Amino acid sequence: MRLLESKKGLSSFAFEHSEEYQQTQHKFLAAVESMEPNNIVVLLQTSPYHVDSLLQLSDACRFQEDQEMARDLVERALYSMECAFHPLFSLTSGTCRLDYRRPENRSFYLALYKQMSFLEKRGCPRTALEFCKLILSLEPDEDPLCMLLLIDHLALRARNYEYLIRLFQEWEAHRNLSQLPNFAFSVPLAYFLLSQQADLPEQELNSAREQASLPDPTVLLPLLEYCSVRPDAAVATHRFFGPDAEISQPPALSQLVSLYLGRSHFLWKEPATMSWLEENVREVLQAVDSGDPAVEACESRRKVLYQRAPRNIHRHVVLSEVKEAVAALPPDVTTQSVMGFDPLPPLDTIYSYVRPERYLSISRFVPLLAESRQPWKHNCTLLPPRTTPAHPSLIAAGGEAGGWRGWGSEPQPRLEQADAGRTRHDGQLPLPRRGGSSRGQPRGGWGVGLSPRRCHAPMLYNYVPDCCSGRN
């Protein structure tokens, strides 16, 4: 890691790849393009601390429900990057920045996000909230992983209501947090839950009521359906909350609503919370029927703000794996290859080195070689050709091989002057031997009649040792 600049109390850093690590990175890209998880396992034999390989293999273990190994690989990736920290880089100061446009920095973002997800699933929401704060502090203006769509959920789960309220009060002026469906519902809920723990001044309770007075009308009925609550007939047929409101909402807003409901609906299932929500809905209906100008102002503001979702929101939805939100992704996202180690890279990516031509030729050759080693290609005419990746983690990592000259999907990266001479290396991707290795992996990919779940998991323990020594 090196210090790029220090200005106005902020320090910008960037991870750097040595020449040896660059060569390993090229081999990793060829292994991903081969659509064969075993190639990544083989690569970790010689480079046990290669970050992208660890993260990609962690996804493979997670899809096979080997959560312990998946967590261990993510922690190993974080340790590898922690060893490369600059002496001035601090995780707690809040003044250190990492530009997400640099591919070397993205691995750190993704490793932190995956670790945060594991912590939340293990019942550690407070620690997960601190990881969320850390990711947001690395680039708060751009928010490349859109942590503002998650931080309210973790704050409520951690019962840190004061922090959520203070964040909303300080950021509302310049970030319009009240226009996000998650903040429009989570902040009033935080006020209400805080009032159950301590006696709040009447002024703060009124502020919470005003915040909840004009919620997004498209959230209420789906939220009640998630909570198995039958809405009142006056609410279900009202023009403000009825089906017409859901049909007229922009697709970008519908995606955020699906994300919030799929992630946070269980927070509203308490009887006291549902009674409080009912009171606020009645006040909203009275305001709408009386012709309150704030109602029309909110509707027009939503139509202007939600014409199209930015790329960081799509990236967050892909990482969140919330089924309802993923199903609402637009076709221009679902029809393109999404790399698991670099989902939806920024269009203005800053490359420090490019991929040599010989690795591009290897990447085109490896899928053909892997395909020719499949026994059903030659010994059986009843099975169709294999046209899909062998493992779900590689489905998330992208479908077709070829076309990578840099790290992401852009064909013509920029070069930095200082790193222009770091791309001349030799070496080829190690492939499994024709007869299979002595460690017992099947011939020809997974082998006939064997599923990835049955034959891949034991190989992880054979190929990836618990304690390894290596350098990036």
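Predicted model: local features only at pLDDT ≥ 70, side-chain atom pairs only at ≥ 80, totals over all residues.
Two strands count as paired when DSSP finds at least two bridges between them.

**The hairpin**

Strand β1 (residues 2-7) and strand β2 (residues 10-14) run antiparallel to each other and are joined over 5 bridges. Together β1 and β2 make a hairpin, with 2 residues between them. In that turn you will find lysine 8, whose phi is positive, at about 55 degrees. If you look across the pair, glutamate 5 stands opposite serine 12 in β2. In a regular strand, side chains alternate between the two faces of the sheet.

**The whole chain**

Now zoom out. The chain contains 24 helices and 3 strands, and 53% of its 472 residues count as buried. Its accessible surface comes to about 22800 Å², and carbon and sulfur atoms account for 50% of that. Among contacts between residues at least 6 apart in sequence, 76% link residues at least 24 apart.

**The cores and helix α2**

In soluble globular proteins, nonpolar side chains tend to be buried together. The largest nonpolar core here has 104 residues, and those touching the most other members are Leu98, Phe108, Met147, Ile151, Phe183 and Trp268. Apart from this core lies another one, of 8 residues, including Ala31, Val32, Leu43 and Phe341.

Leu43 is also one of the buried residues of helix α2. Why is α2 described as largely enclosed by the rest of the structure? Of the 10 residues in this helix (residues 37-46), 8 are buried, so the rest of the structure largely encloses α2. The buried ones are Pro37, Asn38, Asn39, Ile40, Val41, Val42, Leu43 and Leu44.

**Two residues and their contacts**

| Residue | In contact with |
|---|---|
| Phenylalanine 108 | Phe15, Leu78, Met81, Phe85, Phe89, Leu91, Leu98 and Leu138 |
| Proline 343 | Tyr100, Leu110, Arg315, Val318, Leu319 and Val338 |

Where does proline 343 sit? Proline 343 is in the loop between α19 (331-334) and α20 (357-372). Is proline 343 buried or exposed? Its relative accessible area is 2%, and buried means under 20%, so proline 343 is buried. Proline 343 and histidine 314 are 29 residues apart in sequence, and their C-alpha atoms are 9.3 Å apart in space.

Key
Residues numbered from 1 in each chain as written. Heavy atoms only, no water. Helix = DSSP H or I, 4+ residues; strand = E, 2+ residues; numbered from the N terminus. Buried < 20%, exposed > 50% of the residue type's maximum accessible area, 1.4 Å probe, protein only. Contact = heavy atoms within 4.5 Å. Core = buried A, V, L, I, M, F, W, Y, C linked by side-chain atoms within 4.5 Å. Areas by Shrake-Rupley, 256 points an atom, 1.4 Å probe, with all protein chains shown as cover. Lists of a residue's contacts leave out its neighbours within four places in sequence.
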